[in-house]
Amino acid sequence: MSANINKPRTYWQSVRSRLRRDPVTLTCAGIIIGIVLLSIFAPLIAPANPYDANMMKRLAPIGSPGYPLGADELGRDMLSRLIYGGRISLIMGLVPVFIALIIGASCGLVAGYVGGRTNMLIMRTMDIFYAFPSIMLAIAISGAIGAGIENGLLSLTLVFIPPITRVSETITVQIKSLDFIDAARASGASNSRIILSHIIVNALGPIFIYCTSLVSVSIIIASGLSFLGLGVSPPEADWGLMLSTLRQSIYVNPWVCALPGVMIFTTSLCFNLMSDGLRSAMDMKM
Amino acid sequence: MAKIDKSFVKVRNLKKYFQTGTQIPFLKKPPAVKAVENVSFDVFKGETLGVVGESGCGKSTVARLLIQLIKPDAGEIIIDGLAVEKRGGISTRDLRHRMQMVFQDSYATLNPRMPIEESIAFGPISNGKKPSEAMLESKHFMDQVGLDPNIYLHRYPHELSGGQRQRVNIARALAMGPEVIILDEAVSALDKSVEAQVLNLLTDLKSDLKLTYIFISHDLNVVKYISDKVMVMYLGEVVEYGTVEDVYNSPKHPYTEALLASQPSMDPSRKLKTVPITGDPPNPINPPSGCKFHTRCPKVTDLCRTVNPKLQSTDNVDHLTACHLASNVTEVDVLNAQKGLNS
Amino acid sequence: MKNNSKNIAPTVLSVSDLKVKFVTPDYSVHAVNNVSFSLKRGEVLSVLGESGSGKSVTLSAIQRLLPKNITSVEGSIKINGEEILTMSARRLNQLRGGQIAMIFQEPATSFDPVFTVGQQITEGIRHHAGCSQSEADKKALELLDLVRIPSAKDRLHNYPFEMSGGMRQRAMIALALSCDPMILLADEPTTALDATVQIQILLLLKDIQKELGLSIIFVTHDIGVSIEIGDRIAVMYGGQIVETGNLAEVINDAKHPYTKGLLSSTIHANSSGKRLHAIPGSPPNLSNAPSNCSFSERCEFANETCKNTIPDNVKLGIERFSRCLRIGVWE
């Protein structure tokens, strides 16, 4: 009866086939998975204890025996420190965004769906946070409540709630204006049912993609906080902190000093590119 | 009108203004669009009422008001003797079991992430039916609209053609077991060859299920084909109402005349040579005074510019029109005849 | 033939064996398959087709407006004997907005909202004619008068959003005429308009066409509109012209089952009470290159041959063709 009869493809099937043909996104996803695995299994993989200092080997160059990626200013093995550092950097990248996603998306959905005064209240509150650049805000909050991982996580979460709320509000308003919401209302569905079975399903994809792009921002800000001494405290291995302490030795051994920076750069770039790839794979006319 | 008792859907003095923009304190109130003003009509059981008019005439707003997607500012909607959202009447929730709507855009009205089966079962499930039961029934409704459930049950909207999607939308409306279905430009977006299929389906469903239709369209020929009664709207008001034969064969309002004359003839040997009516419809934010059609009316008089005519019977009690000229036909004729003699 | 000047008017546009294919990693669409037609000076060709029939793609191909990276265009498009498909970008730009102009469906989005209508029309005139601002202003005023915009002088200073839909479409026509085109390509220019305004624009186009001796290709899905405007008609289905010829001949005596079906399924003033004759099924899927008559799946007269042979044009008269294998058999 229909021309479409021969093998229809569901939405996720076509997303998958699009992703499969996108080498950049696949490579980035591979790198991210690699870093995640390295971080999880750090104790098994790292060749040395990241806290063992050896004054004789201070700033050993890349390729020294026993120190494949050299050693830092206290003679600790760079490779092991980089592997362990991924743990904190990934936590600092993922956790705040995840918590902010839950809070921000809920606020955005409510603001967008209910509209009116509720929308006004939620969105104007978010606008207050928008008045400060995100890095400044994170520094200010961390500075006020003190250094440490937990405080760093808290300040980053607070930084990410407003943009996620704004994005999910926009998307919700867009979806709410579509005819199928009217059609659902006309068939007598309650508001909660409409939000659950129509709005969330359609809004979550775009919000999620936006969040993956925030992960890279989060990693960079977290590194920045550590660099300024507002995040993780020594001797913890964290890429941002490592960059900060190695900075003095940049003229002695620039290659070793650049390594944490390379890791930050690679990870955030991969998250960004993967987010772009997902966006274009999922954003299609059906 | 003695026939009023028979009317199944009765609408009286419906009014809806839309505020443009939000009001800022101390500033002038932003203008309101008078989308629907003083609209009254009756639909009898088993009949089809066609509503025609150009974009912005308020026909779609009337549809949304009827099914309570938007709340009217004033006026009454009575279905089967029960006033909607009034004491002793019928609640919006119950109304939607008796009245359903099919929208114009068959794609936008279906959730792209929901298989057809679920879309059809969604209404009944929302109203407390067991999901397994509702899913089973959705097969039956697909059959009823001519879609093979074995093929289409688990399909997604983007896998169907426009005509098939509109069938799904009709099945979804049927799933609520309505007596009245509002069809808001339901066939306008379809290709002509498919439009005929869907119209045939609608005709069959109407006689099988004893349905009552309110059929909204800008296409005069389609409305003529499917309707028993016609209501012509212009800038939020009803300008003419009557049976299809009366309105199409002897239109009483100059706007209806112009609208009918503007239809392409479909005959290569009878192409239109002159423009039936000039000008564009006025902006509904700032409608003309008096009769809203007077800016374009070829027969305009001074009375038309100041006084808005009421909808009233012509020589035929069931044929109503809102035109000063139609109610005073003889007087005007006399005046014109005198002018003719003098010149 | 001697007394019929139309038949000896020079051909201004000829399209032969045009094939347009869209290829992306996700899908391929054979949007236009072997389309050939010609347009004479002072002639209006109605191109009638449903959505996905390839009518708008054909129009874009003539202007070479299709996105290069995903389309492959084969065949030949000649304007006054000059091949468009291989032309240099420079020459193409001279042609676009020079000899060929286009009017679109949605005048609201075809005008730049930040400039007045007058500025946009004069800019085109100055760019092409290289004349002074005051001359361009004068010409713009003439054009607005030509398209019968009341109080044209004031309207020149209006922004597009200050005009009603009908006025904007008139201004759009004025803009298209600003470079004295020879060929006007119209893509559903009246579809977004109300019935009473649509007929005004159709008659206006017809008048201007006669006055200036323009050639028009008018693409539409509306049979009534195509009859109202056209001298000749080309009916498209599944990326092919299935029938073409003099408008009255085609409408009064259709020689392709699709044309016939379309005419009988279209509701007109006296179809009341009768059951509509609908064409069963839906339009074809164009993801594969055609290997049969594209209408055969829905055609009640199709036989086995129709389902595995691509029909050729059958000549039925002067410039009258039908792409049907069973012509004469099914009638």
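What share of the 343 residues in chain B is buried? Buried residues (under 20% relative accessible area with a 1.4 Å probe, protein chains only) make up 56% of them.

## Basis

This is a predicted model, in which local features need pLDDT of at least 70 and side-chain atom pairs count only at pLDDT 80 or more, while totals for chains, interfaces and linings use all residues. Residues are numbered from 1 along each chain as its sequence is written, chains are lettered from A and ligands numbered from 1 in the order in which they are written, and side-chain values use heavy atoms, without hydrogens and water.

## Chain B overall

Chain B contains 13 helices and twelve strands (DSSP runs: H or I of at least four residues for helices, E of at least two for strands). Its C-alpha atoms fill a box of roughly 80 × 60 × 45 Å along the principal axes.

Contacts (heavy atoms within 4.5 Å) with a separation of 6 or more in chain B come to 63% from residues 24 or more positions apart.

## Nonpolar cores

A nonpolar core is a set of buried Ala, Val, Leu, Ile, Met, Phe, Trp, Tyr and Cys residues joined through side-chain atoms within 4.5 Å. The largest has 60 residues, and those with the most contacts inside it include A:Phe160, A:Ile164 and A:Phe271. Helix α4 of chain A (residues 78–114) supplies the largest share of this core, twelve residues. A second, separate core has 57 residues, among them B:Ile181, B:Leu220, B:Tyr234 and B:Val244.

Beyond its neighbours within four places in sequence, A:Ile164 is in contact with residues including A:Val97, A:Leu101, A:Ile207 and A:Leu214.

Notes. Buried means under 20% relative accessible area, exposed over 50%, partly exposed in between (1.4 Å probe, protein chains only).
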